[in-house]
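Here's a quick tour of a protein model, written for someone just starting out.

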Amino acid sequence: MTNRTPIPQSIINDVNARTDLVDLVDQSGVKLVKSGREWMGLCPFHSERTPSFTVRPEKGFAHCFGCGAHETAIGYQMRVYGQTFIEAIKDLAWRAGVDLTDYVGRAEKPAHKPKPKIASRADEKDRETETNKRRLRGQALWKKGVAVEGTAAEEYLANYRGIDRGLFLQSPVHRFIPDYEFWYRARDAKKSEAIWTGPALLTVMQYIDDRFAACHITCIDLDQEKGRLKLTAPDDGRDLNTKRVMGDPSKAAMRLGKPAFVMVGGEGLETTYSGMMVSGHTGWCSYSLDNLVGACVMDAKGDRHPLDGRMRLPSVVPDMARPGMIWPRECRERIFLGDGDTKDMHMLKAKLERGSRRAHAEGCIGRVAMSAPGTDFNSMIRGAA
């Protein structure tokens, strides 16, 4: 057998860069609609009814806010077509005109076109079965948790994030697990493996009818400045998102406070808790900004980006059939929290405006509250501590 030189990272980067990621996803059978600088559609990796899958060609990756999938072009090819890393890179290199002769042999046109496996194509019965399986896995993890008092979770929220203990210690929405396993599938592996085990804060997500929806997971590392785990992929060194959701988070909320006439809502529990402390109002939060404000009408166009006329901002027209997180009926005034250190403030404000318009369409008051420019709500309270 001929020994070949391992494929250098520069070649892998070149294949990813030369692959039209939007076209690759579209050709696999996922219908995409442009929204601002990204494209959205139903996730191919898990069954869903509300689009949470985004393709960001300028950044070179696709990400799902529902299941947490995060893939480059090669990773997407592997997962959707069930290929190994070598099979996937050879297919994409042939399309992109990248020479792999010195590493895995000359890239050639595949003898047989692989068939994609798209989760969103499953019929209604299969989708409901898969959704229920995810909820049961999340519920099993939640049941393993213990009270946060006296644990690393309490220290994380109180000492590292500056959250008032009175807000969370007696709350039934949080639990702690000392040995959460973080699973990751390497680019040339058929199966995932646990690459980290350690403490994690668990937060329950509930549907509006009080049923269990999902378990939100925050991995903790108290050696880090902000107490949150930093983890890199062992195969390509990219930063991994150490917040995860196990279950079905669409339309669900983390109920950080009791329902009230006026409430704040934010993306993530740290932002929302901080907004509660700053405003004095109670609050609920979502796992993502898009789920917080709800989806837009998919064929509605946003305004031109004021800093780059080639791009459009996300549409501010809400799709009332896809509400995202559902607020309690007691809440008649919704305050959407926005962090003032967001890279693209125009994009952020367009999405928050959509949430505000949805509130008005539902007969409520909707308004936006921004943290101080250049900072976020959590930094504001930690700076005041």
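Start with two helices, α1 (residues 9-18) and α4 (residues 85-96): their axes come within 9 Å and cross at roughly 55°. An angle from 65 to 115 degrees would count as roughly perpendicular and one under 35 as roughly parallel, so α1 and α4 are oblique to each other. Keep in mind that this is a predicted model.

**How α1 meets α4**
- On the α1 side, the residues that make the contact are I12, V15 and R18, and they meet F85, I89, L92, A93 and A96 in α4.
- Sorted by class, this α1 and α4 contact has 7 nonpolar residues, 1 charged residue and no polar ones.

**How α3 meets α4**
- Helix α4 also crosses helix α3 (residues 73-81): those axes come within 9 Å, at an angle of roughly 120°.
- That angle makes α3 oblique to α4.
- The crossing of α3 and α4 is right-handed.
- From α3, the residues A73, I74, Q77 and M78 touch F85, A88, I89, D91, L92 and R95 in α4.
- The class count for the α3 and α4 contact is 7 nonpolar, 1 polar and 2 charged residues.

**The second largest pocket**
- How many residues line the second largest pocket? There are 40 of them, and R49, T50, D248, S250 and K251 lie nearest the pocket's centre.
- Which element gives the most to the lining of this second largest pocket? That's α6, with 6 residues.
- At least two lining residues come from each of β1 (33-35), α6 (124-144) and α10 (289-293).
- By class, the lining of the second largest pocket splits into 13 nonpolar, 13 polar and 14 charged residues.

- K251, one of the residues nearest the centre of the second largest pocket, has a positive phi of about 70° although it isn't a glycine.
- You'll find K251 in the loop between β11 (243-247) and β12 (262-267).
- D210 is another residue to look up: its phi is near 80°, which is positive, and D210 isn't a glycine either.
- D210 sits in the loop between β7 (193-206) and β8 (212-219).

**A look at D221**
- Where is D221? It's in the loop between β8 and β9 (231-232).
- Which residues does D221 contact, leaving aside its neighbours within four places in sequence? They are G227, R228 and L229.
- D221 and G198 are 23 residues apart along the chain, and their C-alpha atoms are separated by 8.1 Å.

Notes
Residues are numbered from 1 along each chain as its sequence is written. This is a predicted model: local features need pLDDT of at least 70, side-chain atom pairs count only at pLDDT 80 or more; totals for chains, interfaces and linings use all residues. Side-chain values use heavy atoms; hydrogens and water are left out. Axes are lines fitted to C-alpha atoms, for helices over the stretch in contact, and angles run from 0 to 180 degrees between N-to-C directions. Helices (H or I, at least four residues) and strands (E, at least two) are DSSP runs, numbered from the N terminus. Angles under 35 degrees count as roughly parallel, over 145 as roughly antiparallel, 65 to 115 as roughly perpendicular and the rest as oblique. Contact means heavy atoms within 4.5 Å. Ala, Val, Leu, Ile, Met, Phe, Trp, Tyr, Cys and Pro count as nonpolar, Asp, Glu, Lys and Arg as charged, and the others, Gly among them, as polar. On a 1 Å grid over the protein atoms alone, a cavity is a set of points where a 1.4 Å probe fits but cannot get out, and a pocket is an open set with protein on both sides within 12 Å along at least five of seven lines; lining residues have an atom within 4 Å of a point. A crossing is left-handed if the near helix is turned anticlockwise from the far one by less than a right angle, and right-handed if clockwise.
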